[in-house]
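Reader: Hey, I'm new to this one. Can you walk me through what's here?
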Amino acid sequence: MRYDIDRRDVLKGLGATGIAGLAGCIGGGGAGDDSSTSKSSSDGNGGGGGDNSGGPDVLNVIGYPESGIQLFRDYYQSTDGNQKIIVPDGLRDSTLPKNVGNDMANLTGTAPAASGPNQKAFNQMYKDEYNREPGVFNSHSYDAVAVLILANVAAGANDGGKIRDQMRRVANPGGQKYGPENFVDAVKAAARGEDINYQGASSVVDFDKKGDPASAAYDVWKFDSSADGGIKTEDTITFEGEPSGKMADSSPGGKNRTAKVGILLPQTGDLGSTGSLMIKAAKMPVKQVNDAGISIKVKSQVEDSQTKKQASLSGANALVSAGFPAICGPASSGNNIPVSQQVYIKQGVVGCSPSSTALTVTNLDDNDFVFRTAPSDLLQGKVMAQVASKKLSGKTASTLFVNNSYGQQLSDKFSKTFTDKYDGEVLQKVSFNKGESSYTSVIKKATGSS
């Protein structure tokens with residue numbers, strides 16, 4: 001099928017005050033792993049340098065809730081808790097303070113924000129369906145499945161290659177705009193072969209040439225037991241880029257058929273608490289279509305990735321064997337990368353992760369089969385460094401990161417931006433392994449208290 005990269009308009013470049021540019025951003029990260037891939041030492045003696053006397057002003061902790069419970073228990077028990085702590089989305093779990101036994105008031109977080117034009121509509125739909133506020137990456141999960149359904153309906157076939165060619169046609173600028181509230185109307189239009197432009201809850205959901213979101217935003221948040229959901233957003237930092245990439249020049253559509261979309265997200269494991277809510281969101285567009293009684297039906301199947309590489313591969317293969325040509329997930333980059341390389345790309349299946357953020361995903365030789373609705377960590381490392389310097393007034397920092405590609409890349413990006421752009425000094429970069437019974441030694445190393 002012929003591609004047409006000029007058929008549609010593109011978004012304008014950098015925007016208003018407070019918007020930071022994408023140009024020149026290079027970094028990495030992700031959202032989880034089950035194996036150690038970092039080159040840093042696993043015993044807490046990772047690289048770093050500088051004078052650590054007195055400890056850092058800011059401690060950048062990169063990890064996941066399950067291991068974070070023990071790590072922060074050890075932190076508050078073994079230090080005076082004076083450091084200002086900055087964490088990424090991987091530790092955004094409102095149950096963490098209760099499980100740690102501390103209000104964690106010295107912790108500030110960043111996370112990809114739900115800042116799409118239909119965010120409010122999605123939030124209300126989610127509350128109506130589940131009687132609670134959506135969690136982190138919930139809007140990204142809804143958008144990922146919504147786009148996969150629309151691309152399938154526009155393609156008129158459960159064929160990975162044909163769905164791939166429609167991904168940007170249904171998402172990037174051009175055509176009638178639709179969002180979560182009138183998603184069924186979007187499906188009807190796609191079935192008629194019309195040009196549509198899905199406008200999401202997490203972002204406008206425009207893809208760049210690598211299949212990444214062209215635009216993104218990050219929330220700056222704190223734990224707050226008085227806030228709805230236990231987390232209070234204090235600020236939002238926005239990035240805007242240009243959609244681009246290959247797409248089909250027409251949409252055949254088709255009625256009286258069943259579109260298939262698989263869901264491969266964690267119900268258990270390190271990201272189980274986060275993934276369970278993401279699955280709820282991912283099921284919503286499927287239910288909308290099936291409840292509407294239109295000529296298009298959607299068949300969906302959920303596989304538990306368990307936040308583990310082998311379980312993710314097994315789940316992906318099970319979905320492919322069941323005839324699913326497009327899959328939402330996995331959640332973590334440590335799982336998404338091997339699934340993309342060993343399943344999606346090899347078998348011509350479209351993958352769209354709502355929360356895998358590693359730079360490595362951007363650089364995959366994927367024949368355009370790998371997409372995501374979550375922004376790359378090339379941005380989150382910059383955001384954390386900006387917050388550490390400007391909001392937390394940090395002059396020195398240390399990183400304490402989970403020993404995998406997610407932690408390593410995000411630590412490196414934070415450190416480079418903190419030193420190069422904000423003239424900060426990184427004292428220590430210390431890795432830790434998941435599942436340890438004690439993290440006291442690595443905490444002392446990172447805080448300079450050993």
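This is a predicted model: local features need pLDDT of at least 70, side-chain atom pairs count only at pLDDT 80 or more; totals for chains, interfaces and linings use all residues.

Reader: Okay, and how much of the chain is buried?
Author: Buried residues account for 61% of its 450 residues.

Reader: What about contacts between residues at least 6 apart in sequence, how many of those join residues at least 24 apart?
Author: That share is 76%.

Reader: Let's pick a helix. How many residues does H4 have, and how far does it reach?
Author: H4 covers residues 138–155, which is 18 residues. From first C-alpha to last it reaches 26 Å, close to the 26 Å expected at 1.5 Å a residue.

Reader: And is H4 largely enclosed or out in the open?
Author: Largely enclosed by the rest of the structure, because 18 of its 18 residues are buried.

Reader: What comes just after H4?
Author: Gly156, which takes a positive phi of about 70°.

Reader: Switching topics: how do H8 and H9 sit relative to each other?
Author: The axes of H8 (residues 309–321) and H9 (residues 333–347) come within 9 Å and cross at roughly 25°. An angle under 35 degrees counts as roughly parallel, so H8 is roughly parallel to H9.

Reader: Is that crossing left-handed or right-handed?
Author: H8 passes H9 in a right-handed crossing.

Reader: Which residues meet there?
Author: From H8, you've got Lys309, Ser312, Leu313, Ala316, Asn317 and Val320. They meet Asn335, Pro338, Val339, Gln342, Val343 and Gln347 of H9. By class, that contact has six nonpolar, five polar and one charged residues.

Reader: Now a single residue. Where is Asn118?
Author: Asn118 is in the loop between strand S4 (107–112) and helix H3 (119–130).

Reader: Buried or exposed?
Author: Asn118 has a relative accessible area of 18%. The cut-off for buried is under 20%, so Asn118 counts as buried.

Reader: What does Asn118 touch, leaving aside neighbours within four places in sequence?
Author: Asn118 is in contact with Tyr178, Gly179 and Pro180, and also with Gln199, Gly200 and Ala201.

Reader: One more: which helix holds Ile279?
Author: Ile279 is in H7, residues 272–292. Ile279 is buried too, with a relative accessible area of 4%.

Reader: And which residues is Ile279 in contact with, again leaving aside neighbours within four places?
Author: Those are Ile263, Leu265, Pro266, Gln267 and Val302. As for Tyr142, it sits 137 residues from Ile279 along the chain, with 8.7 Å between their C-alpha atoms.

Notes
Residues are numbered from 1 along each chain as its sequence is written. Side-chain values use heavy atoms; hydrogens and water are left out. Helices (H or I, at least four residues) and strands (E, at least two) are DSSP runs, numbered from the N terminus. The expected span of a helix is 1.5 Å times one less than its number of residues. Buried means under 20% relative accessible area, exposed over 50%, partly exposed in between (1.4 Å probe, protein chains only). Axes are lines fitted to C-alpha atoms, for helices over the stretch in contact, and angles run from 0 to 180 degrees between N-to-C directions. Angles under 35 degrees count as roughly parallel, over 145 as roughly antiparallel, 65 to 115 as roughly perpendicular and the rest as oblique. A crossing is left-handed if the near helix is turned anticlockwise from the far one by less than a right angle, and right-handed if clockwise. Contact means heavy atoms within 4.5 Å. Ala, Val, Leu, Ile, Met, Phe, Trp, Tyr, Cys and Pro count as nonpolar, Asp, Glu, Lys and Arg as charged, and the others, Gly among them, as polar.
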